[in-house]
Amino acid sequence: MLDLDLVRKNPELFQTACKNKNIKLDVAAFLKLDEERRALMFENQTMQAERNAVSKKMPTIKDKAEKEKVITDMKALAEKLKTEEMKLAALDKEWMAMQLQLPSVPLASVPVGKDDTENVELRTHGTIPTFAFEPKDHVELGTALDIIDIPRGVKIAGSRSYFLKGDGARLELAVLLFTVDSLVKKGFTLFTPPLMANYAAMMGTSYFPGGEESAYAVGVDREPEVGLGEKEAKQIESDKHYLVGTSEVAVASYHSGETFKASELPKRYAGLSNCFRREAGTYGKDMHGLYRIHQFQKVEQVILCENDPEVSAKLHAEILQNAEDVLQALGLPYRVVAVCTGDMGRGQVYKNDIETWMPSRKGYGETHSCSTFYEFQARRLGIKYEDPSTGSGQAPTKKFVHTLNNTCIASPRILIPILEIHQNQDGSVTIPEVLRPYMGGQSVISPRA
RNA sequence: GGAGAGGUGGCCGAGUGGUCGAUGGCGACAGUCUUGAAAACUGUUAACCCCUUACGGGGUUCGAGGGUUCGAAUCCCUCCCUCUCCGCCA
């Protein structure tokens, strides 16, 4: 939820943000509803005030006849209040649904565009490799090396599933651990968070409403046991949890409802987790290999900081650099793009993607996503801090923190460029030097004899 | 899975139908005293929302949601969560 006062005073600002972010919302219609709601609230509160006043007097009324009359009157009032409250509840529901659609306003520097084709390249790093031989793609390489097994993954878990095997699984762990260590050295606190989250966390991080189709829901009726019939498992509404698509959901929610002292900020957090994505609506897209799959592992950076655009901008640059440091250490060429309005989320005010060169795609593929939210998530999550700049004497003003997050590494997608770029003519893959300590000193993955 | 206990303000903990947003304690903040500190004493200490330019007024919140009632922290129902013991288990 946004600062509604801001929306009320600058409707056109938010209408433009809706347009640029491809969000279908009539801000004027929302504000009209907002006004109706407030008017009805005022009416109801006036009735409630009367009821309360009379209730307070009630014990002092001794006269029987008078008491009878008051009770009769109050009965009528209670009746009326009840119907009005039902009206308000209906209005509230509609209001909340619209309110959650409201986007944050992108910074002025964000390019306006309709989708990822209109993202703007900011800079590139590294040299795009050329091969003296016909390079293989990661699936060919991985299959020949017996480190990736997609057909059997599909056999067990359906399309977009895979096994990493042997040195492939070890390579993944090595990349993750190397990344974790690099962040820990920079002062980040590592988390292994819950992989299941409730609605509040999904909503608080602004994945819901809107992203329900992308998340797996768990909390199923156990009755239709396997083998007893193909009756569809029913989801128990009250017991429902969602498999997280990123540890950001849990890590950013970690402090929900809490208030920091300013001296405790910023928080530099890193989450290591499996990530689950239904990839609904991507049928037929990126079907080859390990690019777009349902389950992966990711090291995510999450920052909570003061409500100051300069501070969060600085931290945005910092976590972007952290990811770049990892890519550079792995010897992977990449580029950084400014994500345009149409390709950014509802809550984000600024976003960069890092795209890593993938020979088999003959282009850059998205591997990282670095977002600044300002207070959008913090408002939903209720994360505040005491602003020290409050004049001395009285209670400090509480402000919402700014939140940011960025991928530091996501696997197996990152294995695509690692395998493809570091492949050798004989089908072996040279392990990047920084990963070797995590693989017992091994320097190359070779075909088995 | 079986049995039991419990969820009240920043924390602890009273409160079982009515002037209760809630006694008391702790903590925090401010002041008095003190060279300073401690102690002692005094005072102030919730969040969110609505009306109002403001002063101020009002509403909601005692795990959540429903119900009974003129009136609910208190009675009834459902759910969620926490804790203890037993069982099972990585």
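In this predicted model, about 440 Å² is buried between domain 1 and domain 2, and carbon and sulfur atoms give 45% of that area. On the domain 1 side, the residues that lose the most area to domain 2 are N20, K21 and I23, which together make up 84% of what that side buries. The polar part of the interface amounts to 5 residue pairs in polar contact, with both residues of each pair at pLDDT 80 or more. Salt bridges, by contrast, number 0 across the interface of domain 1 and domain 2. As for the layout of chain A, domain 1 covers residues 4–99 and domain 2 covers residues 116–445. The C-alpha centres of domain 1 and domain 2 are 42 Å apart.

An open sheet is built from 8 strands, and reading across it gives the order β1-β11-β12-β13-β16-β10-β9-β4, with mixed pairing. The edge positions belong to β1 (120–125) and β4 (189–191); each has a single partner strand, so one side of each is left without a neighbour in the sheet. From one strand to the next, the twist averages 25 degrees. Strands of a sheet pair through backbone hydrogen bonds, either parallel or antiparallel. One residue pair to look for here is H125 with its bridge partner Y334 in β11.

Helices accompany this sheet. Helix α10 (residues 309–329) packs on the sheet and touches β1, β9, β10, β11, β12 (350–358), β13 (363–374) and β16; the direction of α10 makes about 5 degrees with that of β16. Helix α7 (residues 167–185) lies across β4, β9 (267–276), β10 (295–305) and β16 (402–411), and α7 runs at about 10 degrees to β10.

There is also an open sheet of 3 strands, in the order β5-β7-β6, where the pairing is antiparallel. In this sheet β5 (196–197) and β6 (217–218) are the edge strands; each has a single partner strand, so one side of each is left without a neighbour in the sheet. The pairing of β6 with β7 (residues 241–243) is antiparallel and extends over 2 bridges. Within this pairing, V218 stands opposite H241 in β7.

Finally, several loops have backbone features worth a look. The peptide bond from L265 to P266 is cis, with omega near 0 degrees, and P266 sits in the loop between β8 (259–261) and β9. A cis peptide bond also joins S411 and P412, where omega is about 10 degrees. P412 is placed in the loop between β16 and α12 (415–421). K362 is not a glycine, yet its phi is positive, at about 50 degrees; K362 is found in the loop between β12 and β13.

Technical notes
Residues numbered from 1 in each chain as written. Chains lettered and ligands numbered in written order. Predicted model: local features only at pLDDT ≥ 70, side-chain atom pairs only at ≥ 80, totals over all residues. Heavy atoms only, no water. Pairing = 2+ DSSP bridges. Helix = DSSP H or I, 4+ residues; strand = E, 2+ residues; numbered from the N terminus. Axes fitted to C-alpha atoms, helices over the stretch in contact; angles between N-to-C directions. Contact = heavy atoms within 4.5 Å. Domains from an automatic or database assignment. Buried area = accessible area lost by both parts, 1.4 Å probe. Salt bridge = Lys/Arg side-chain N within 4 Å of Asp/Glu carboxyl O. Polar contact = N/O pair within 3.5 Å; in protein donor to acceptor, adjacent residues only side chain to side chain.
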